[in-house]
Amino acid sequence: MNVGIVGGGQLGRMLALAGYPLGARFRFLDPAEDACAAPLGSHLAADYDDEGALAGLAEWADVVTIEFENVSVEALERITGTVPVHPAPGSLAVARDRLEEKTLFDRLGIPTPAWAAVDDRAGLERAARTIGLPAVLKRRTLGYDGKGQEVVGDEGDLGAAWDRLGNLPLLLESFVAFDREVSVLAARARDGSTAFYPVSENTHEEGILRVSVSRPGDPAAEPARELSGRILDALDYVGVLALELFEKDGELLANEIAPRVHNSGHWSIEGARASQFENHLRAVLGLPLGDPSPVGLAAMVNFIGEIPPVEQVLAIPPAHLHVYDKAPRPGRKIGHATVRADDERELRTALDPLLELVGLPARSTRSRPPASGR
């Protein structure tokens with residue numbers, strides 16, 4: 001089974017690590033000569049929309065998938081006649097454009113923060129009057145980890161926000177002072193069968209995910225899965241999809257989807273019977289899905305910019321270290337660690353020293369109100 005992956009970052013790397021026990025082989029298309037997934041397969045060092053490289057990937061592979069959404073939909077459409085592409089380019093087109101995404105949510109009756117499309121400065125002013133301030137101005141495409149968005153506190157902020165993000169299609173969304181952020185990951189197979197992971201409770205700083213805690217049995221699980229199921233079926237989706245949500249006063253509001261394996265599900269490598277990476281590969285290859293059931297409780301802490309001393313991470317008995325082999329750089333995800341436990345007290349005992357290593361305050365693993373919304 002030959003799997004072509006567009007993108008050669010840590011998600012591609014972890015897909016390959018999950019795929020080798022299944023007998024899969026991998027080829028990565030990524031322009032970076034030092035793509036961190038490259039040592040786990042063959043590497044086509046070319047742009048994501050390079051016609052020759054894509055043709056070569058399609059001719060070699062039994063299936064092509066993606067590890068991030070900021071790739072050319074048109075480029076993937078060109079190879080669909082040669083090789084199956086999952087998720088399909090149509091799903092990618094929705095997920096990479098916030099307007100298409102919000103339109104889908106509305107069509108499916110999925111609650112969201114109030115929003116409006118913005119095409120010019122006058123449109124921004126109209127949207128601000130309609131939605132109210134504070135609000136968040138976002139680029140429709142090419143935004144991730146908090147990039148490409150600005151919080152607009154009052155009318156005096158509109159001009160500066162437009163200057164920084166303008167001249168591109170934008171979206172203005174109501175600022176949500178949420179109680180917590182959660183995500184639900186699901187795998188959908190070619191035959192339409194699905195597997196849902198427990199809800200992850202997430203903590204962000206400066207738009208970057210820092211901590212995810214799995215929440216088996218969380219009250220938000222069933223409504224989150226129901227909303228996710230609507231999206232999976234509407235898109236006839238194949239693979240793993242993440243749905244990120246705000247919870248406010250017991251109500252779930254959809255923030256965005258990611259058409260791929262997702263950072264908030266990394267805990268599943270050690271904390272589920274079949275990880276999100278294994279199930280994505282099973283889905284796109286047409287294999288039966290694995291069991292997403294949790295193995296106890298689990299949490300993940302991202303390493304941003306630098307890896308703590310390895311010996312200190314591994315001195316925490318339940319810790320599992322994942323180093324991505326990426327050059328350290330401020331704001332860059334270069335690794336993570338997970339901890340697994342049988343109960344809340346044990347999980348907190350393991351998680352708190354890990355948080356301390358990355359400069360985050362030790363805290364209960366139970367949710368707490370955030371300092372601000374998104």
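Me: By class, what makes up the lining of the largest cavity?

Reply: In this predicted model, the lining of the largest cavity has five nonpolar residues, six polar residues and no charged ones. Val-184, Leu-185, Tyr-197, Pro-198 and Trp-267 belong to the lining, and Val, Leu, Tyr, Pro and Trp all count as nonpolar. Ser-183, Ser-200, Ser-264, Gly-265, Ser-268 and Gln-276 also line the space; Gly counts as polar under the rule applied here.

Me: Why is the space called a cavity, and how many cavities are there of 30 Å³ or more?

Reply: The space is called a cavity because a 1.4 Å probe fits at its points but cannot get out. The count comes to one cavity of 30 Å³ or more.

Me: What makes a set of residues a nonpolar core, and which members of the largest one touch the most other members?

Reply: The residues of such a core must be buried, belong to the listed nonpolar types and be joined through side-chain atoms within 4.5 Å. The largest core has 35 residues, and Val-3, Phe-26, Phe-28, Phe-277 and Leu-281 touch the most other members. At least two core residues come from each of strand 1 (2–6), helix 1 (10–19), strand 2 (25–29), strand 9, strand 13 (239–248), helix 10 (276–284) and strand 15 (297–304). Helix 1 contributes the most, with five residues. A second, separate core has 25 residues, among them Val-94, Val-182, Val-199 and Leu-252.

Me: How do you know that Leu-281 touches residues beyond its sequence neighbours?

Reply: Contact requires heavy atoms within 4.5 Å. With residues up to four places away in sequence set aside, Leu-281 still touches Val-3, Leu-15, Ala-18, Gly-19, Leu-22 and Phe-26.

Me: Why is helix 1 described as largely enclosed by the rest of the structure?

Reply: Helix 1 is described in this way because nine of its ten residues are buried. Those residues are Gln-10, Leu-11, Gly-12, Arg-13, Met-14, Leu-15, Ala-16, Ala-18 and Gly-19. They pack against strand 1, strand 2, helix 9 (268–271), helix 10, strand 16 and strand 17.

Me: Why is Asn-202 called buried, and which side chain makes a polar contact with it at 2.6 Å?

Reply: Asn-202 lies in strand 11, residues 199–205. Its relative accessible area is 7%, and buried means under 20%; therefore Asn-202 is buried. The side chain of Ser-212 makes a polar contact with that of Asn-202 at 2.6 Å. A further polar contact, of 3.1 Å, joins the side chains of Asn-202 and Ser-183. Both values fall within the 3.5 Å cut-off for such a pair.

Me: Is Asp-249 buried or exposed, and what is its phi?

Reply: Asp-249 has a relative accessible area of 66%, and exposed means over 50%; Asp-249 is therefore exposed. Its phi is positive, about 50°, although Asp-249 is not a glycine. The residue sits in the loop between strand 13 and strand 14 (251–258).

Me: What makes Asp-325 exposed?

Reply: The relative accessibility of Asp-325 is 51%, and the cut-off for exposed is over 50%; Asp-325 therefore counts as exposed. Asp-325 has a positive phi of about 60° without being a glycine, and lies in the loop between strand 16 (319–323) and strand 17 (333–341).

Me: What makes Ile-316 buried, and which residues does it touch?

Reply: With a relative accessible area of 6%, Ile-316 falls under the 20% limit and is therefore buried. Ile-316 is placed in the loop between helix 11 (310–314) and strand 16. Apart from residues up to four places away in sequence, Ile-316 touches Ala-350, Pro-353, Leu-354 and Leu-357. Ile-316 and Pro-353 are 37 residues apart in sequence, and their C-alpha atoms are 7.6 Å apart in space.

Methods: Residues numbered from 1 in each chain as written. Predicted model: local features only at pLDDT ≥ 70, side-chain atom pairs only at ≥ 80, totals over all residues. Heavy atoms only, no water. 1 Å grid on protein atoms, 1.4 Å probe; cavity = no way out; pocket = protein on both sides within 12 Å on 5 of 7 lines; lining within 4 Å. Points joined across faces, edges and corners; volume = space filled by probe spheres on them. Buried < 20%, exposed > 50% of the residue type's maximum accessible area, 1.4 Å probe, protein only. Helix = DSSP H or I, 4+ residues; strand = E, 2+ residues; numbered from the N terminus. Polar contact = N/O pair within 3.5 Å; in protein donor to acceptor, adjacent residues only side chain to side chain.
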